[in-house]
Amino acid sequence: MGASSPPPPLPPLHPHLRIPRSAPARLLLLFLLLIFPPVSTSVNITAVLSAYPDLSDFNRLLRSTSVPGDLAGRSSLTILAVPNAYLLRASAARAAAAADIADVLRYHVLLEYLSWPDLRSIPAGGKLVTTLYQTTGRAAGNVGAVNLTRDDEGAVTAHSPFPFSASNATVLDLVGTVPYNVSIFAVDALLLPYGFDLAASETRPSVGVNITRVLVDGRDFNVAASMLEASGVASEFEAAERGAGITVFVPTDEAFADLPVTERLQSLPADRKAVVLRFHVLQSYYPLGSLESIVNPVQPTLATEDTGAGRFTLNITRVNGSVAIDTGVVQASITRTVFDQNPVAIFAVSKVLLPREIFAGPPEAAGLAPQVAEEVDTPPASVSSPPDVREDATSGADGREEVALFCTASLYLMLLYWYEICFLCI
């Protein structure tokens, strides 16, 4: 086989984008670059993929995970997308059903912008490219990297850097590109990081996620884990997983420490504390990407089931690039993803979510008033004076102040009088 043809030259710059040659013009250009900050080049990947019907199943998988949220602030990406026809293969179907599909999809996101000329100029030894999966910390060594190689006929293949990995995919075509920011290539198979066991994931029985254990392992959620364990609500969470899934908003230990002393969370009866914990849970599985594009901002919580429609709801919106959660009393934001495996998503939030139904009213609304107050006339807990006695005591104190003032003035006048007499005698 003959040597491959050299890659085509890059197209020339647009005439209006040519770099000025004169020194004053270059200084002006440098000044403008310093004055005006660069415009964000992040791209909504799922919106771009929605323009390609042949990638609809791959895009649906992306939307079911938190991967689009991971990409929101990134640029210089290459997406290895699997068309519908190839995604329907048996091995791909098993991978799509696996609990770790989010990491499989992260393995298809290369953290480098690659064009067709870049792929055609890959060296004989291959090119090792970091993936989004590598950044999660769950990939040891180079397990999370993809090795791109090119054969003598120019076909480009993506596969694990480990020689005994059976997972590989051939690049079919360039689907679309946002120049120097994002490129999307179609590949003929779903790539798997080295060590993923699809057969085991297919036969593994479905078990509930131990949310308390996840929080303990997270290290920043000791208070929330203790409250869940003591309340018994964690078992309700695991039961809800078997339905439409759940989304849990967990305040960090710092969020609990920042609670004002005026808030009465720790003084609530046990049943009301349980309501507050249920208030932190949505009754469906929402990865971060779905929360960012949620259509109906008012969402019922697990506490809504016990109290009726329209009560104990959360208002979820996107504010300044992050997901904001408004309870009517506080506004918190999602700070990071703690756990995301369908059907459970767990997110850290910056504040304790205090429902307005409990914390917006007087103490009686929070369930702090004695329950017998409505049925039995009980004597006051401490002896207090009737209103008229308190008024008399107040007026008596005012009278004593007037007497003291009169005595002081009289003493001053007497001293002044004796001073004048002594002065006249001298």
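Me: Which residues lie nearest the centre of the second largest pocket?
Reply: In this predicted model, Asp103, Arg106, Thr136, Arg138 and Thr337 lie nearest its centre, and 17 residues line the pocket in total.

Me: Nice. And how much space lies in that second largest pocket?
Reply: About 450 Å³.

Me: Which element gives the most to its lining?
Reply: That would be β13, with 5 residues. Both α7 (101-106) and β13 (331-341) supply at least two residues of the lining.

Me: How do the residues of that lining divide by class?
Reply: The second largest pocket has 7 charged, 5 polar and 5 nonpolar residues in its lining.

Me: OK, switching to cavities. How many of 30 Å³ or more does a search of the whole structure find?
Reply: The search finds 1, and about 110 Å³ of space lies in the largest cavity.

Me: What lines that cavity?
Reply: Its lining has 15 residues, with Ala224, Phe249, Pro251, Leu277 and His280 nearest the centre. By class, 14 of the lining residues are nonpolar and 1 is polar, with no charged ones.

Me: And which element gives the most there?
Reply: β8 does, with 4 residues. At least two lining residues come from each of α11 (222-231), β8 (246-251) and α14 (270-278).

Me: Last topic, helix α12. Which of its residues are buried?
Reply: Ala234, Phe237 and Glu241 are buried in α12, which covers residues 234-241. Seen down the helix axis, the buried residues of α12 fall within an arc of 55°, so they line one face of the helix.

Methods
Residues numbered from 1 in each chain as written. Predicted model: local features only at pLDDT ≥ 70, side-chain atom pairs only at ≥ 80, totals over all residues. Heavy atoms only, no water. Buried < 20%, exposed > 50% of the residue type's maximum accessible area, 1.4 Å probe, protein only. Arc of directions from axis to C-beta. 1 Å grid on protein atoms, 1.4 Å probe; cavity = no way out; pocket = protein on both sides within 12 Å on 5 of 7 lines; lining within 4 Å. Points joined across faces, edges and corners; volume = space filled by probe spheres on them. Nonpolar A, V, L, I, M, F, W, Y, C, P; charged D, E, K, R; others polar.
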